[in-house]
Amino acid sequence: NLCNNLLCEKTVIILKKYYKLHDYIVEVCCRILVSLGSQYSNRFGKLGICELVLNSLDIYIMKEPVVEWICKAIGILAENKDNVMILCINHAPETIVKTLLLHIQNDSSI
């Protein structure tokens, strides 16, 4: 679908531009990714979203609502084998484990 492909592109452009500045931008972009689902995970991956999402997780590691949506987005991205390679190269498993341990120690609901 042309409209959804355009939405993927615009989402990645916005995330690239603002992910370091606003946690709510990260959350909204992850919500868009999750709502489009695994059907568009390859498209998102080719646009470079895997690295952006992981970088966002490092930045907003203590922002529980954002972390929840980032983890959901990573789950969608990981349904594509090319994205799994990118996620692993960028240390996604270690970053996710570190995040979960931090939230467990802080009695978080994640």
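Contact here means heavy atoms within 4.5 Å, and by that criterion Ile-32 touches Leu-7 and Thr-11, not counting residues up to four places away in sequence. This is a predicted model, in which local features need pLDDT of at least 70 and side-chain atom pairs count only at pLDDT 80 or more, while totals for chains, interfaces and linings use all residues. Residues are numbered from 1 along each chain as its sequence is written, and side-chain values use heavy atoms, with hydrogens and water left out.

**Ile-32**
- Ile-32 lies in helix H2, helices being DSSP runs (H or I, at least four residues) numbered from the N terminus.
- Ile-32 is partly exposed, with a relative accessible area of 21%, where buried means under 20%, exposed over 50% and partly exposed in between (1.4 Å probe, protein chains only).
- Although Ile-32 and Leu-7 are 25 residues apart in sequence, they are 8.4 Å apart in space, C-alpha to C-alpha.

**Packing of H4 and H5**
- The axes of helix H4 (residues 49-59) and helix H5 (residues 64-77) come within 10 Å and cross at roughly 150 degrees, the axes being lines fitted to C-alpha atoms over the stretch in contact, with angles from 0 to 180 degrees between N-to-C directions.
- H4 and H5 are therefore roughly antiparallel to each other, a description that applies to angles over 145 degrees.
- Ile-49, Cys-50, Val-53, Leu-54, Ser-56 and Leu-57 in H4 meet Val-67, Ile-70, Ile-74 and Leu-77 in H5.

**Burial of H5**
- The buried residues of H5 are Val-66, Val-67, Trp-69, Ile-70, Ala-73, Ile-74, Ile-76 and Leu-77, and what covers them includes helix H2 (23-36), helix H3 (41-46), H4, helix H6 (81-89) and helix H7 (92-105).

Note on methods: Helix = DSSP H or I, 4+ residues; strand = E, 2+ residues; numbered from the N terminus. Parallel < 35°, antiparallel > 145°, perpendicular 65-115°, else oblique.
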